[in-house]
Every structure is written in C-alpha cells, then in structure tokens.
Amino acid sequence: MSNLNDSSAMSAMSATLANQRKLCITEGPASAELRIDRLSRAIDLIFDNRDAIVETLALDFGHRSSHQSLMSDIYATIECLKHSKKHLKSWMKTEKRKAPFPMNLMGAKAKVEYQAKGVIGIIGTWNFPLNTVFAPLAGVLAAGNRAMIKCSEVTPQTGALLETLTAKYFSSDEVAVFNGGPDVGASFAALPFDHIIFTGATSIARHILRAAADNLTPVTLELGGKSPVIVSKTYPLQEAVERIFAGKILNVGQVCLSPDYVFVPEDQLDDFCTAASSYICNLFPTLRENPDYSSVVNERHYQRLMSYLEDARQKGADIREINPANEDFNQQQGTHKIPLTLIVNPSDDMLVMQEELFGPIMCIKTYTAISECIDYVNARPRPLALYYFGKDNAEQRRILDSTTSGAVTINDVIFHVSCEDLPFGGIGPSGMGSYHGHDGFKTFSHAKAVYKQSNVNFQKLGGMLPPYGEKCDKTLNTMIRK
C-alpha cells in the first residue's frame, strides 16, 4: 500500500473499506475471545518489534531519545491495549435500564446493548506516530470493530514499518494501514467510515470535519492548543519547576499536552527562571550530541519555531536560551535541535502567544492575583489541558470551576493522559469527543436501546386508540400531573 498515488490509493482504500464492512455483516459480532485475540496481537506487534520501532522513530526525527520513545510510544501504547484487553468483557455487558411505570409492573423491560459501529478510520500524527494510531485502536478493537489507519507522512519510515508489521500480525480485513501524502489523507477522510478519529492540528481537523460531513460520519478530534500552567504562591517553587520542565522536555515539547505558558507570582519570576535554567543544565550538560535530548522533527517545523523566536526578538522580547555548554546550533548534520528557550512576559501580539508552540519554547508570565490567570485563560480558546500547582484547596476549586479545558492535572503536567480510567479529549478548538479505557469503548460502540413491551396492551386498555373519547380523557387526566 506504500507510495500509492491518489487514484490508486483511493481505489485500494475503498476496496478495503467495502470488504471490511461486508465482513462486519457476514461474520456477525466479534466475540470477546476474538477481541482479546486482536488486542493481544496488537500488543505482540509492539512488544516484539519495539527496538525496530524505536530505531525507526529516531531516523524520522533525525534524533529522538530512545528512552523517551520507549516511555511514550511503546510503554504508554501497550498499557492502553492491556487495559482494554483486561476490561472489555465487563464493558460488553448489557446495561439494564428502567422501563416506565406502569408497564414495568407488567413485564416490560429496557436495556442498552453495546454494538460495534463497523469500520473505524484512524488518522494519526507525527509527534507520536505509534501511539496516536494504536492507542485509539485499543478502544476500536475492544468494541469489536475493524480498522483502517492512515499514518502521518511527516514520519514516513515509521509509517512504512507500521504498515509492514500490521500486515504480519493482522489480515487486511481486520486492520489495514495506509501511507501517503496529504492527497491520500484527504481521500481517506472522505471515505464513508462508521467513525473517524483524528489526532493532529486544528487547521487539518477542519478539513476532516468537512470531508466527514458529506457522509454524516461521526468524528472524534484530539487536537491541541496552548495549555497553561498556573503556579500558586502556596506551592514549592523548585518542585513546580522540576515537574513542569520534566513534562516540557518530553519529545522537546512536541506533545499536544505540553505546557505552553506558565503563570508565576510576580515576586517569584527571577527565582523561577533561575531554577528552570539550573534544572535543565543538570539534566542536559550538553545538547547537540546528547542522546537524551531529542530533535525537532524536520526542517519545516524547525523553521516554524525559529520564526516564532525571531518574531519575539524583533518585538523586544526577553529571551533566555538555556544552552548549558554554549554550543553552536547553526550547522547541524541530520538533526534540528533547538535549546530550550524561555520567553519572559511576552506581549500578546507575539507569535509565541498566538500559536501553539509544539517545541522547546516556554513562555513565562507573571501575575499578582489568581483572578488575572483565570481571566487570561478564559479570554482565549479552550485548551486541551490546564495545569495547576498549589496547596490551597479553595483556590484549586476556584480554578476548576472558573475555567474550561479538556482535562486538568493538579500538581504535575501531562500525567492525566496515563490514567486509562479517565476520558482523554479536548473541548472546542482543542477537540471533540474522547477515548481511552471505557470511554474509548463507548466512543467506538453504538449504544443500542432495546425495549421489550409487556403482554398487556396499555393503549387499548386505557382508551388511547382512536376514536378517542371519555375513557382516553380520564386516562390522560390521570397521567398528566405536575
């Protein structure tokens, strides 16, 4: 399926979809045992080939920390699959609901059955090329669906490897992987899937929604945005710095949940910046040849980030580059590394405060009252995540009640995504719908309402059939009450 042009890709994808949908009907619902087997094979695919996947990710990025790849793409994805495998039998159980009075007294019953939707289209992105397709696949397979996957063209070698490996562990009528450029992606999104889940940029999500609208295909969008951090005066500054920047260095900020800007008390600004610089220097004494410090994925994204920094510089920003060994990054061979850079109190007209950073840049803003932070967050698009560091329960409650975000992690960053029992998703510009764990199972299932009527014909008994008369009036007067 690799290197297909738009026409041949469309033909191959349409044929695969038609075949998968046909088998959904002819083979009937997938048993719990089959679902567990498919999830087991997905786990085997990742575990058995983890070294090759990590090596290929590094090739696509120019350089990527192998340990971070093992943490974020290998471990995190396997945990998603294992969680679904462990719980799917309980998720599949029919839910009893209450039939209305008085029919319930005469034997009427109500229930919800969770039925596979059919064929799910999964569109992944480049920052975590494995996780953004196989994490949603956990819910897709647990719900008994078949899947078609479109990998990101930004990481083509990883996409090609996943295509090869998937064909080894799955038949194409179970899970099929496709690769190709934007035209192939557009054709993929236009297919009449039973559900589409897309992870990526908000700008691309608009195209996905338009394409899906022609088929009335339901869509789950996992996007991004500028996730803020609020550091309370009540929280130890050094501990906050360590937790915030431990999250920021993951994939050098190329994470949809990466903290984008930090509010710190005005009188703690210098201490915060000093602590941040010291902490980063301790983690990375050098950067250019350091195997633990990852590269920006490609030249385009490198130039995007450099343009943000240049824009800030021209507008008079206070820019503090953390370059422990004072290395020269102008001429790099095969990588696009950028030192982690702080921009202190940037103005709102700077690109760094208008665009999602998605790289090793962190904006630091000061405040004197917590209401300033709340007002600032609420005046902007709703973020995928919000992070609060504090020990004041009333202040914490105020922030939770007064702001809206996809999720919140308290006293850390990003970690909510690792809790499989929590729904993962955004709101508004940061996404719609959610997945992970039971919520993923529900997202990729159709909750079919089933009502079984009692043997008593209540309409006839109560005079509720034409010609209406006195008996119907009496029945309605009895039924209609405040």
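Residues are numbered from 1 along each chain as its sequence is written, and side-chain values use heavy atoms, with hydrogens and water left out. Because the model is predicted, local features need pLDDT of at least 70 and side-chain atom pairs count only at pLDDT 80 or more, while totals for chains, interfaces and linings use all residues.

**Helix contacts**

Helices (H or I, at least four residues) and strands (E, at least two) are DSSP runs, numbered from the N terminus. Axes are lines fitted to C-alpha atoms, for helices over the stretch in contact, and angles run from 0 to 180 degrees between N-to-C directions. Angles under 35 degrees count as roughly parallel, over 145 as roughly antiparallel, 65 to 115 as roughly perpendicular and the rest as oblique.

Helix α2 (residues 32-48) packs against helix α4 (residues 66-91) with the axes 10 Å apart and an angle of about 165°. The two helices are therefore roughly antiparallel to each other. On the α2 side the contact (heavy atoms within 4.5 Å) is made by A32, E33, R35, I36, L39, S40, A42, I43, I46 and F47, and on the α4 side by I74, T77, I78, L81, K82, S84, K85, L88 and K89. By class, the contact of α2 with α4 holds 11 nonpolar, three polar and five charged residues. Here Ala, Val, Leu, Ile, Met, Phe, Trp, Tyr, Cys and Pro count as nonpolar, Asp, Glu, Lys and Arg as charged, and the others, Gly among them, as polar.

Helix α4 also meets α5: their axes come within 9 Å and cross at roughly 5°. α4 and α5 are therefore roughly parallel to each other. From α4, the contact uses S72, D73, A76, T77, C80, L81, S84, L88 and W91; from α5, N131, F134, A135, A138, G139 and A142. The residues of the contact of α4 with α5 comprise nine nonpolar, five polar and one charged.

**Cavity and pocket**

On a 1 Å grid over the protein atoms alone, a cavity is a set of points where a 1.4 Å probe fits but cannot get out, and a pocket is an open set with protein on both sides within 12 Å along at least five of seven lines; lining residues have an atom within 4 Å of a point. Grid points are joined across faces, edges and corners, and a volume is the space filled by probe spheres set on the points.

The structure holds three cavities of 30 Å³ or more. The lining of the largest cavity consists of C80, S84, A135, P136, A138, G139, E420, Y435, H436, G437, G440 and F444. Two or more of these residues come from each of α4, α5 (131-142) and α14 (437-443), and α5 gives the largest share, four residues.

For the second largest pocket, P102, M103, F458, T475 and M479 are the closest to its centre among the 14 lining residues. Elements giving two or more residues to this lining are α15 (458-461) and α16 (470-479).

| Space | Volume | Nonpolar | Polar | Charged |
|---|---|---|---|---|
| Second largest pocket | about 450 Å³ | eight residues | six residues | no residues |

**Backbone features**

P102, named above for the pocket, is joined to F101 by a cis peptide bond with omega of about 0°. P102 sits in the loop between β1 (95-97) and β2 (109-116). Another cis peptide bond links P466 and P467, with omega of about -5°; P467 is in the loop between α15 and α16. N345 is not a glycine, yet has a positive phi of about 45°. N345 belongs to the loop between β11 (341-344) and β12 (361-367).
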